[in-house]
Structures are given as structure tokens and as C-alpha cells.
Amino acid sequence: MSAKAARIRGFAPVEARGLSKSVQVRKGESIDILKEVDFQASWGQMTGIVGPSGSGKSTLLYCLAGLEQATGGQASVLGQPIGSMSRTKLARFRREHLGFVFQAYNLVPTLNVEENIALPFMLRGKKPPHGEIIELLERFGLGERRKSDVGSLSGGEQQRVALARVLVSKPDVVFADEPTGALDQTSGRIVIDELHRVASDPCRAVIVVTHANEVASRCDRVVTMVDGRMSEGAGVGFVPVQGQPLPQAQALAAGRGGAQ
Ligand SMILES: Nc1ncnc2c1ncn2[C@@H]1O[C@H](COP(=O)(O)OP(=O)(O)OP(=O)(O)O)[C@@H](O)[C@H]1O
């Protein structure tokens, strides 16, 4: 089902009900990383997931994107139960609908910038959309670096290439795990502007895990994880990012409007 059809039929882009994940750390001993998390993203919005280190943000994101298996509850993307798809169906579904921006850039060091971005198409035996790749690179301030080895780029430039590689496939839902974690201000702004641009499409959605106030403040809605749970009043309470509440969250808590 296309994103447009899913939207028309009333499905959320991403939804989780009672999502839990336990891992066995020693024989007879397991820890609960996610504890019955309910979550819903909205079409045309960038949803931020914030919270203290170790609270389960990345694990939640990975389970929502079908990169990790939850051990309880259910996650669905475009109305499809992502946790119970066969490996083949999941791989196809992710390829057709989802994009994931990892903290580590995961670029192929032996390929240049343009080749890295074209790689997903090459692997599928499809012709890469050269015009779009060049347009993306220009917008990302990398027009001059098209033919450069990715190893010669700064971390910020590499993250922009990684984002371009995700976006060139036009995924319906983009998941991003700390996409500005180690970036300089310029790269961070480009990355966030681009994610924002994706989320401004009413048939797409972005979910971003972040510690950065600058990122959280650009989100349409922010939810908070604390100790494996979605904290009380998620999205309307104070957000413990570097101890500072977000203006948007304060406004919502005070009933002064804002995106829900
Ligand atoms: N496979 C695993 N085995 C054991 N513990 C794990 C596993 N995966 C995650 N954890 C633990 O679960 C907790 C949540 O991890 P997660 O990476 O989701 O947190 P986070 O909120 O994203 O943290 P950070 O902000 O530091 O990236 C952490 O204490 C982590 O060590």
C-alpha cells in the first residue's frame, strides 16, 4: 500500500502499541529495555524522541523501523505490522518505503560521493537518478565534491552524503538516530532543514532521536522516553534535553496551542 493510500485509509505512518523489548544479559537474567511503549507519529510531521541516555530511544526507533525485533506488543508502519513480516517481505517493505539515517555514516570508503549515493539503485540493478543526485548534492553544499573519495570528507560532509543516499530513494518515512550527533553547526542545520523539508510533505513522516535542543525545537512534536517508558504527558511536558524545557513543549503544557 502506498503512503497516500495508507493515509486515506486512516493509518498512521508509524504506530506502536504496548511495545516491549527484553534482552537476556546472563543466564536467567534479562533486562527490560522497552516497557509497553505506545507511540504514534503523524503524517506531514517531524516527531522527536528525546530522553536521558540509556532510556531506550534508539531501541524504540530500531523496533519501529523493523531493524530490531520487539519481544512484545506491536509496531506498524503504513498500517503494516512490521514486526511480524517475513524477512523477505520486510526487506522489500523497508526498501520501498523506509529510510534510516544512522549515527555512523556507513559509507563505502572505496566509492566516491556520487557512487555512494547511487549505490542503493546499483544494488537493485536500477539506473540511478543522476539529475536528482546532483540536485541533492548542490542543496547539501557538496556539488564540488561529487567525485571525491568519501574518506577525504569531514564527518559533517559524510553525514550529508549518508542523508542524501537515504533521501534519493524518496522514502515515505525517514527514521534518524542522532543525525546531528557529531556535526558542526552548518552540517547540522543542513541535515535538519532537509529532514524538515521531508516532513513538510503531507504523505511523509520523519522520526528523529536526538539529544540536541536545536533539533528538538524544530520538531512538530516531541515525546520523551524515561527508563524504557514513554513518560507521562509525553509531548506536552518538559523535555529533559540538557536540562532545558523546550519553548514549544512549555507552550503546549500551558495550553497555548502548537502541533499535537
Ligand atoms: N542488545 C542489548 N543487550 C543488552 N543491553 C542492551 C542491548 N541493547 C540496548 N541495551 C541497553 O538498553 C538501554 C537502552 O539503550 P538505547 O541505546 O536504546 O538507549 P538510548 O536512550 O538510545 O541511549 P543513548 O541516548 O545513550 O544513545 C541501555 O542501557 C543499553 O545499554
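Before looking at helices and strands, I noted what they are here: DSSP runs, H or I of at least four residues for helices and E of at least two for strands, numbered from the N terminus.

I reminded myself that this is a predicted model, where local features need pLDDT of at least 70, side-chain atom pairs count only at pLDDT 80 or more, and totals for chains, interfaces and linings use all residues. Residues are numbered from 1 along each chain as its sequence is written.

**The sheet.** I looked up the strand order and found an open sheet of 4 strands, β2-β1-β4-β5, with antiparallel pairing (two strands pair if DSSP finds at least two bridges between them). Its edge strands, β2 (29-40) and β5 (80-81), each pair on one side only. Between β1 and β4 (residues 72-77) I found 5 bridges. One partner I checked was that of Arg17, and it is Gln74 in β4.

**Helix on strands.** Next I turned to α2, which lies across β1, β2 and β4 and runs at about 65° to β2. Axes are lines fitted to C-alpha atoms, for helices over the stretch in contact, and angles run from 0 to 180 degrees between N-to-C directions. Contact means C-beta atoms, placed from the backbone, within 7 Å.

**The ligand.** Which element gives the largest share of the shell around the ligand? I found that α2 does, with 3 residues. Both β1 (14-26) and α2 (57-64) supply at least two residues each. Among the residues around the ligand are Val23, Val25, Gly56 and Lys57 (near means a C-beta atom, placed from the backbone, within 6 Å).

**Two helices.** Last, I saw that α4 (residues 113-123) and α6 (residues 155-167) pack at about 30°, with axes 8 Å apart.

Definitions and conventions
Contact = placed C-beta atoms within 7 Å.
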